[in-house]
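Student: Hi! Could you walk me through this one before I set anything up?
Tutor: Happy to, let's look at it together.

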Amino acid sequence: MMFKVEYLWILMMAASLALEANGGATKYTAMYVFGDSLTDAGNNKYFIDSLAKADYLPYGMDFSGGPTGRICNGKILVDFIAEMVGLPLLPSYADVIAKGESILFGVNYASAGAGILSDTGYRFGRIIPFEEQINNLRETVDQLIGQLHGNEVSKYLENALVFVDIGANDYLNNYFQAEYYPSSHLYNLEQFADLLINLYRKHILEIQGLGLRKFLILEASPIGCGHLRSHNLKCNATLNHVVEMFNTRLKSVVHDLRSNYPGYAFTYAPSSKLFQSLFDNAEAYGFKVKDKACCGGSAGSNGTKPMCFRNTVPCPNRNEYLFWDSAHPTEAANRILAALLHNTTSF
């Protein structure tokens, strides 16, 4: 047992020294990811009764491990973020739940279809809502306590990065589906945004209570920019304004957390605005197509499947497409968005 503890600690120190040697301005022992389909690294693929998963080709066709459950042709946003802070690709929680050393550099808890509300996305079948993702983090912390000394666990968690990107599904797969969800009958848009943000703040404090001190909090994604909802090569301003109600409140929450918890790092990432800018200026970033998905057809009255069918033949020029399927960016777009986030926030 002592050898195992020393081995794990040596690995953590080696990672920190390697990042420092590479000139990393910030050093994290690990990264913990909470989110939805934009950040799911494969948790949903283990659920037989889930429709929100991508464990088949052409998903993952440009990823070294093939189809892993990432809803993309290759790497997703958090993969590039991990690389930028000197961490390896993070395993999904479902992959590592019973494997000790594999949790060393962090865990991805995100689940496609998930939202802040527990019933968001239930029509997809089994998913992992935000609250359950945090419960899974608790399991990870318990594993760390069993592997490391108490003081080492505290220091390890204090220097880990918490990445949170969630909220869009509470609109797309809850509020705006009145035939399946009661939300729009119970709340107006302002009230619904208040409901979401109060629960969001509660969950952030729960994560903080487990010993985490560094947070990178992303805006809810601009739901009006998905190619099925954009029009005439422009994002749907009405839909994006709805999400902006939430994001405005989120920015205020992050500001309050900074004021109330000195010594903690709460970074607000304007990811929605950055993606809108990427969409509006797609050609300047090298993208020739933003109104069609590489794997999923085009927008229009004929309708478009939301995800790629199994073994669909996608476009050959994937680096020129902003969207991989109807709602998720290509690897090329994720790479650029990660760079924009880093330049804007210096996380």
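This is a predicted model: local features need pLDDT of at least 70, side-chain atom pairs count only at pLDDT 80 or more; totals for chains, interfaces and linings use all residues.

Student: Good to know. How many helices and strands are in the protein chain?
Tutor: The protein chain has 11 helices and 8 strands. Of its 347 residues, 53% are buried.

Student: And what share of the contacts comes from residues 24 or more positions apart?
Tutor: Counting contacts with a separation of 6 or more, 73% are between residues 24 or more positions apart.

Student: You mentioned α11. At roughly what angle do the axes of α10 and α11 cross?
Tutor: Roughly 130 degrees, with the axes of α10 (residues 271-280) and α11 (residues 331-345) coming within 10 Å. That angle makes α10 oblique to α11. The crossing is right-handed.

Student: Which residues meet there?
Tutor: From α10 you have S271, L274, F275 and L278, and they meet A333, I336, L337, L340, L341 and T344 of α11. By class, this contact has 8 nonpolar residues, 2 polar ones and no charged ones.

Student: Now α4 and α8. Are they roughly parallel or roughly antiparallel?
Tutor: The axes of α4 (residues 130-147) and α8 (residues 189-209) come within 10 Å and cross at roughly 5 degrees. That makes α4 roughly parallel to α8.

Student: Who makes that contact?
Tutor: F130, E131, I134, L137 and R138 of α4, together with Y200, H203, E206 and I207 of α8. These divide into 5 nonpolar, 1 polar and 3 charged residues.

Student: Last topic, R249. Which helix does R249 lie in?
Tutor: R249 lies in α9, residues 237-260. Its side chain reaches the backbone oxygen of M245 at 2.9 Å.

Student: What does R249 touch, leaving out residues up to four places away in sequence?
Tutor: With those left out, R249 touches E190, A193, D194 and I197.

Key: Residues are numbered from 1 along each chain as its sequence is written. Side-chain values use heavy atoms; hydrogens and water are left out. Axes are lines fitted to C-alpha atoms, for helices over the stretch in contact, and angles run from 0 to 180 degrees between N-to-C directions. Helices (H or I, at least four residues) and strands (E, at least two) are DSSP runs, numbered from the N terminus. Angles under 35 degrees count as roughly parallel, over 145 as roughly antiparallel, 65 to 115 as roughly perpendicular and the rest as oblique. A crossing is left-handed if the near helix is turned anticlockwise from the far one by less than a right angle, and right-handed if clockwise. Contact means heavy atoms within 4.5 Å. Ala, Val, Leu, Ile, Met, Phe, Trp, Tyr, Cys and Pro count as nonpolar, Asp, Glu, Lys and Arg as charged, and the others, Gly among them, as polar. A polar contact is a pair of N or O atoms within 3.5 Å; within protein, one must be able to donate a hydrogen and the other to accept it, and residues adjacent in sequence count only if both atoms are side-chain atoms. Buried means under 20% relative accessible area, exposed over 50%, partly exposed in between (1.4 Å probe, protein chains only).
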